[in-house]
Number of protein chains: 2
Amino acid sequence: MGLAKSEMFTDKQNLISSYAKVFGHPARVAILEHLFAINSCICGDLVDVIGLAQPTISQHLKELKNIGLIKGNVEGTSVCYCIHKENWTAMKATINKFLDQDINCNTDCC
Amino acid sequence: MGLAKSEMFTDKQNLISSYAKVFGHPARVAILEHLFAINSCICGDLVDVIGLAQPTISQHLKELKNIGLIKGNVEGTSVCYCIHKENWTAMKATINKFLDQDINCNTDCC
DNA sequence: TATATTTATCGTAATATTGCAATATATAAA
DNA sequence: TTTATATATTGCAATATTACGATAAATATA
């Protein structure tokens, strides 16, 4: 079917997988890394930096914005994007809780 | 096209997105959580726990095994799965480095 | 107003993912 | 060897994702 039966899973599980899905494409990873690297807003040059067509970049930015990890301000004819820090922190807490499950797991059975 | 142009991105970016892709489905999140929760190997009951058909679970387990996050030992007619702890730790280091980029980012421009 | 610039949206083609029925495989037990 | 049990694989249908050309929308400038 290709449809994840989200109602079968907990809200937390769906949230984790939603964040992960956004990180599940190297272009979005690259976009986020660039936003962090320049340590400021970015206006326009993402198309040159990433190397994908402008509509494709716009689509990836939309997904990042939809899940709340970036925000964009219109500045003249261009749009200025940057990391949404509060939401990034909240996302980190959710993901880290999932990743840190191993610290309570002591058995080594296989 | 639907094809991620992996050669356009760094190995690190591709690795991060590969891990994230695996976490990008709630069923695999649920499987991993269950493996951690029971704190031991699991033989067979995943189909009952997750609520998807046996071939579907088998497919998700395969993806988790392919990326190295779980390992499976044949025990009689069943297979015993558990977390691959060394690889889980390595994965955590990679993902955390990506997630912790915000600690070096002080600007708040938007 | 007309033009240039930048970003978003639409439409569509190519590919990937998901889910499961049917079936194959492998091992244990009778 | 036959049967039962557990898992893997195959094949396929439904859906999702990705990419981009064409175009629209929005704003700045001449």
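1. In this predicted model, the area buried between chain A and chain B is about 4400 Å². Carbon and sulfur atoms give 65% of that area. In contact terms, 51 residues of chain A meet 51 residues of chain B.

2. Which elements of chain A each supply at least two residues of the side that touches chain B? They are the helices α1 (11-23), α2 (26-38) and α5 (85-99), together with the strands β2 (70-75) and β3 (78-83). The largest share comes from α5(A), with nine residues. Sorted by class, the side of chain A that touches chain B has 27 nonpolar, 15 polar and nine charged residues.

3. The helix α5(A) also faces its counterpart, helix α5 (residues 85-99) of chain B. The two axes come within 11 Å and cross at roughly 175°. An angle over 145 degrees counts as roughly antiparallel, and α5(A) and α5(B) are therefore roughly antiparallel to each other.

4. In the contact between these two helices, α5(A) contributes A:W88, A:M91, A:K92, A:I95, A:N96, A:F98 and A:L99. From α5(B) come B:W88, B:M91, B:K92, B:I95, B:N96, B:F98 and B:L99. By class, the residues of this contact divide into 10 nonpolar, two polar and two charged.

5. Polar pairing across the interface should be noted as well. Between chain A and chain B there are eight residue pairs in polar contact, counting pairs with both residues at pLDDT 80 or more.

Conventions:
Residues numbered from 1 in each chain as written. Chains lettered and ligands numbered in written order. Predicted model: local features only at pLDDT ≥ 70, side-chain atom pairs only at ≥ 80, totals over all residues. Heavy atoms only, no water. Contact = heavy atoms within 4.5 Å. Buried area = accessible area lost by both parts, 1.4 Å probe. Polar contact = N/O pair within 3.5 Å; in protein donor to acceptor, adjacent residues only side chain to side chain. Helix = DSSP H or I, 4+ residues; strand = E, 2+ residues; numbered from the N terminus. Nonpolar A, V, L, I, M, F, W, Y, C, P; charged D, E, K, R; others polar. Axes fitted to C-alpha atoms, helices over the stretch in contact; angles between N-to-C directions. Parallel < 35°, antiparallel > 145°, perpendicular 65-115°, else oblique.
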